[in-house]
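Okay everyone, I've got one slide and a few minutes. Have a look at it while I talk.

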Amino acid sequence: MLPFSINQNEEARLSAVKSYNILDTAEEKDFDDLTTLASAICQTPVAFISLIDDKRQWFKSRRGITEKEAWIESSFCTYAIASGNDIMIVENATLDARFIENPLVNMENGITFYAGVPLINKDGFALGSLCVVDKSQKQLTEEQIIALKIIAKQVVDKLELRRSAIELAKLYQELIDSNLFIQGFAAM
């Protein structure tokens, strides 16, 4: 069961996720660098930037996994974004009632450790999360937690910059189109 239900707030959150036009886009070095940095700082073999839509958890960047998406029903990240906390840490998922039945925990070399920082946009919507994962139980230091939060902020900043660039390109095209229309009308 998901930690949140679809309601008016969820519809607004989904609209916010879609407004970035990032789902199903190609890998980008800037995001991959941040994922690599998170993995190195936290000393985990797996790190990813996930965005949550209504059916799946999609990975914009991933390190240590080959999958491009996961079912939302097995997603730890849905709990992270629903928690309202600035970070969700599960030191041992095999002992956590929320995840004890999760297939990602029970598979061979499954998830034991998870830490996820929600990616909160300027309007307060949780778009997804920056996550680090390990098959072994672990604890993060205060410095690692601070670093993860800073990296998550950088991810959101890159998403905002990307969305602004797309909006500016649309406005520019509209301006060009309107000027062509005005020039064509003036030539009559």
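When I say contact here, I mean heavy atoms within 4.5 Å. And keep in mind that this is a predicted model.

So, let's begin with a lysine. K60 sits in strand β2, which covers residues 56–63. Is K60 buried or exposed? Its relative accessibility is 2%, and buried means under 20%, so K60 counts as buried.

What does K60 touch, then, leaving out residues up to four places away in sequence? The list is I22, T25, A26, E27, E28, F31, D32 and I49. Two of those names come back when we look at the K60 side chain. With A26, the K60 side chain reaches the backbone oxygen, at 2.4 Å. With E28, there's a polar contact between the two side chains, at 2.8 Å.

Okay, on to another strand. β5 runs over residues 113–120, and seven of its eight residues are buried, so the rest of the structure largely encloses it.

Which strands pair with β5? One is β4, residues 88–90, which pairs with β5 in the antiparallel sense over three bridges. Another is β6, residues 126–134, also antiparallel to β5, with eight bridges joining them.

Y114 is the bridge partner of V90, and in β6 its bridge partner is V133.

β5 and β6 make a hairpin with five residues between them. In that turn, G124 has a positive phi of about 90 degrees.

That's my slide, thanks.

Conventions:
Residues numbered from 1 in each chain as written. Predicted model: local features only at pLDDT ≥ 70, side-chain atom pairs only at ≥ 80, totals over all residues. Heavy atoms only, no water. Buried < 20%, exposed > 50% of the residue type's maximum accessible area, 1.4 Å probe, protein only. Helix = DSSP H or I, 4+ residues; strand = E, 2+ residues; numbered from the N terminus. Pairing = 2+ DSSP bridges. Polar contact = N/O pair within 3.5 Å; in protein donor to acceptor, adjacent residues only side chain to side chain.
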